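Colleague: Could you take me through one part of this model close up? I'd like to hear about a pocket, and then whatever you can say about a sheet.

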Amino acid sequence: MNKDKVIAMIIKHKNILGISGLVVAMCVLGACFGTKAAREYDVEGLNKIENIRPIVVIGSGPAGLSAAIYGARANRSTLVIEGNEPGGLLTKTTTVENWPGEVSIQGPDIVKKMREHAEHLGVDFLTDTVQDVDFTQWPFVITTGDGETIHALTVIIATGANPRKLNIPGEELSGVSACAVCDAPFFKNEEVAVIGGGDSAVEEAIQLASFAKSVTILVRGKEMRAAASMQDRLKEYPKISIRYNTKPLEVVGDGDKVTGLLVHNVDKNANETLPFSGIFLAIGHIPNSQLFEGKIDLDEGGYIKLHGRSQETSVEGVFAAGDVEDHVYRQARVAEGSGVKAALDAENFLQKIGFSTARGAQLKSNLFRVDRAHKSPHAILHVLESAKDFDELVAKAQGIVILDFYADYCPSCLHMLPAYEAVAGEYVGQVEFAKVNAEKAIDLVAKFYVERVPCLLVFSNGKLIGRYNQAMDKNELREFVNQFLKS
Ligand code: NDP
């Protein structure tokens with residue numbers, strides 16, 4: 001239950017509670033939901049605490065990276081915990097033409113430049129995810145997926161938002177994707193659909209038009225909500241058509257493969273199946289705030305609530321920036337600006353509690369060091385370039401074999417590879433791990449119907465027993481592997 005609902009309940013039952021009951025209820029509410037209360041900041045006692053960081057940024061998209069740059073420029077020892085998808089959604093975009101100062105630039109290049117800038121200023125990056133946060137004590141405690149405990153004097157949450165799903169049957173089939181940049185090349189000369197009527201749908205369709213035979217944008221209402229200038233761009237692509245008043249009901253498939261989409265034709269008030277071999281979702285995003293539920297105030301859509309014109313959340317010393325708090329603009333440049341504001345707010349907070357940069361310098365030996373973080377031993381990953389390589393590996397493997405199909409143009413694939421390699425090191429002697437460049441091992445791609453990357457295939461005695469089509473962090477990879485070891 002969120003805080004607003006609890007307040008509504010307290011107000012509803014105010015006559016039963018009476019004055020003293022009301023006071024107690026409001027106090028309990030404050031304690032449970034981390035509402036700002038006077039807190040003691042024992043800056044002098046920090047030398048008794050290990051693994052401190054004055055600024056910890058959670059997330060590494062434009063908001064997180066710009067916050068980190070400003071944090072480092074304020075001479076604060078700043079740590080970025082990169083998360084599942086380092087670089088965030090911008091790494092999945094292609095050409096960006098509205099980045100002031102850059103007439104035309106690729107999304108991944110913006111992220112690369114920002115990251116290099118941050119590194120140049122001394123920002124540390126931890127390739128890990130956040131498992132838990134405790135904002136009830138100060139310094140705040142952050143626990144990572146790899147089991148690190150970090151004590152943060154301020155936290156900037158920049159975890160972004162992820163693509164929304166339709167929640168209709170068949171959505172899990174291979175051939176349904178939310179990333180045309182990643183998967184468009186798999187649909188050469190095929191008929192594909194893009195679901196959605198916003199700017200993303202236009203971008204996805206244009207991306208697909210370079211490969212597919214035809215691209216149909218399916219809009220559930222009678223008009224697109226994409227900007228007029230974006231809709232104008234579609235006129236340059238004769239392969240792209242738009243179908244209005246079309247509501248998706250079910251992705252239809254043949255085994256693992258998509259063959260069509262069952263839709264409700266609103267004009268005819270009838271259902272029909274349209275033939276497509278690829279379905280691309282462009283229906284908006286969900287903020288990545290689940291980790292913070294009950295710990296800071298969120299709105300009904302799950303976006304982090306901010307106070308006034310600042311980036312401050314309901315917990316003093318915890319700030320948020322970017323798409324996780326912004327459901328209005330959702331632009332990389334706006335996210336970047338909010339990251340700057342969050343870093344300035346964080347610096348003000350540190351000053352306010354008396355944590356000067358001189359005090360920071362005295363605590364050097366108490367700082368969390370990235371090179372001290374736990375590192376898994378790296379196994380030698382098999383590199384498969386053809387079906388022949390695969391047959392040889394399977395012939396000599398004792399138990400489970402896992403293949404990770406990736407592509408150089410797929411940022412989430414590239415980000416997952418280090419985690420994949422690290423996890424492989426934990427299963428030496430139990431599981432054989434291999435990586436496959438999907439652009440090169442064409443025969444393997446065809447043999448196992450790999451239609452999008454990343455794609456993990458699991459084999460037992462040469463027989464395909466599992467398939468998964470999403471990037472995973474280390475913990476998710478471990479869980480994924482363990483289920484096959486148990487069975
Ligand atoms: P939007 O929220 O703008 O659009 C989502 C679209 O999906 C809407 O057309 C919506 O329909 C449709 N939709 C939602 N749920 C369903 C469903 N269940 N079935 C069918 N259709 C559904 O999201 P975008 O990702 O397109 O854009 C997000 C933000 O990012 C926007 O502010 C946009 O301007 C910005 N953006 C800017 C870009 C650029 O400038 N280059 C590129 C991409 C995004 P309906 O309209 O009926 O609600």
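Modeller: First, what I mean by a pocket: it is an open set of grid points, where a 1.4 Å probe fits, with protein on both sides within 12 Å along at least five of seven lines. Its volume is the space filled by probe spheres set on those points. Keep in mind that this is a predicted model.

Let's go to the second largest pocket, which has a volume of about 530 Å³. Its lining is made up of 32 residues. If you want to find the middle of it on your screen, look for E82, P86, P411, L414 and H415, the lining residues that lie nearest its centre.

As for where the lining comes from, three helices each supply at least two residues: α4 (107-120), α11 (411-424) and α13 (474-486). Of the contributors, α11 gives the largest share, with 6 residues.

Zooming in on one pair, β14 and β15 (residues 257-265) run antiparallel and are joined by 8 bridges. For a landmark there, pick out E250, which stands opposite L262 in β15.

Terms used. Residues are numbered from 1 along each chain as its sequence is written. This is a predicted model: local features need pLDDT of at least 70, side-chain atom pairs count only at pLDDT 80 or more; totals for chains, interfaces and linings use all residues. Side-chain values use heavy atoms; hydrogens and water are left out. On a 1 Å grid over the protein atoms alone, a cavity is a set of points where a 1.4 Å probe fits but cannot get out, and a pocket is an open set with protein on both sides within 12 Å along at least five of seven lines; lining residues have an atom within 4 Å of a point. Helices (H or I, at least four residues) and strands (E, at least two) are DSSP runs, numbered from the N terminus. Two strands pair if DSSP finds at least two bridges between them.
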